[in-house]
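Me: Can you take me through the side-chain contacts in this one? I have it open.
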Amino acid sequence: MNIVGKLWGSTVALESNPFMSFHRAENKRGFPCSKHLHRNKWNGFYVESGVLLVRVYNDNGIEDVTTLGAGDYTSVAPGVKHRFESVENTVLFEIYWPAEHAEDIVRDDEGGPL
């Protein structure tokens, strides 16, 4: 496993394929990650231990904060600015998966009654 050091802690990819990425991360108390967005991916957060704040910045300037404890989960949609930070040292799992695109489905017909 390749542990990647970050200013806020560390992360290691447990699984990565064209459909999703799954990481285990350790976040140090008081060290938030960068304020960022993912253009085409959802970002999910599951807390194993500790307390994690997930801040979401809406286009109208309002900041929403979700507090996660052990066993809690939340996700952030593509295109939404966010950051996470820990109230105490925290172990979490992050999952990333691509947004569904309307052009993903290819239909041979419209269906309906036979």
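Me: Glu-63 first. Is Glu-63 buried, partly exposed or exposed?
Reply: Partly exposed: Glu-63 has a relative accessible area of 37%. Keep in mind that this is a predicted model.

Me: Which side chain does Glu-63 meet in a salt bridge?
Reply: Arg-55, with 2.6 Å from N to O. Arg-55 counts as buried, at 18% relative accessibility.

Me: What makes 18% buried for Arg-55?
Reply: The cut-off for buried is under 20% relative accessible area, so Arg-55 at 18% falls within it.

Me: And what does Glu-85 form a salt bridge with?
Reply: Also Arg-55, and the closest N and O atoms are 2.8 Å apart. Glu-85 is in strand E7 and Arg-55 is in strand E4, so this pair ties together parts 30 residues apart in sequence. Glu-85 is buried, with a relative accessible area of 17%. Through shared partners, the salt bridges join Arg-55, Glu-63 and Glu-85 into one network.

Me: How many salt bridges does a search of the whole structure find?
Reply: Three. One of them is between Glu-26 and Arg-24, whose closest N and O atoms are 2.8 Å apart. Glu-26 is partly exposed at 37% relative accessibility, and Arg-24 is partly exposed at 27%.

Me: New topic, aromatics. How many aromatic pairs are there?
Reply: Four. One is Trp-8 with Phe-84: the ring centres are 5.1 Å apart and the planes are at 75°, so the pair is edge-to-face.

Me: Where do Trp-8 and Phe-84 lie?
Reply: Trp-8 is in the loop between strand E1 (3-6) and strand E2 (9-17), while Phe-84 is in strand E7 (residues 81-98). The pair therefore ties together parts that are 76 residues apart in sequence.

Me: Buried or exposed, those two?
Reply: Trp-8 counts as buried at 11% relative accessibility. Phe-84 is buried too, with a relative accessible area of 3%. Trp-8 and Phe-84 also form one aromatic cluster with Phe-45.

Me: What about Trp-42 and Trp-97, how are they arranged?
Reply: Stacked, with 5.8 Å centre to centre and 0° between the planes. Trp-42 is in strand E4 (residues 41-57) and Trp-97 is in strand E7, so the pair ties together parts 55 residues apart in sequence. Trp-42 is partly exposed at 28% relative accessibility, and Trp-97 is partly exposed at 27%.

Me: Last one. Which ring does the charged end of Lys-35 sit over?
Reply: The ring of Tyr-57, at 4.1 Å from its centre. Lys-41 lies over the face of Tyr-96, 4.9 Å from the ring centre.

Key. Residues numbered from 1 in each chain as written. Predicted model: local features only at pLDDT ≥ 70, side-chain atom pairs only at ≥ 80, totals over all residues. Heavy atoms only, no water. Phe/Tyr/Trp six-rings, centres within 6.5 Å; stacked < 30°, edge-to-face > 60°. Helix = DSSP H or I, 4+ residues; strand = E, 2+ residues; numbered from the N terminus. Buried < 20%, exposed > 50% of the residue type's maximum accessible area, 1.4 Å probe, protein only. Lys NZ or Arg CZ within 6 Å of the ring centre and 35° of its normal. Salt bridge = Lys/Arg side-chain N within 4 Å of Asp/Glu carboxyl O.
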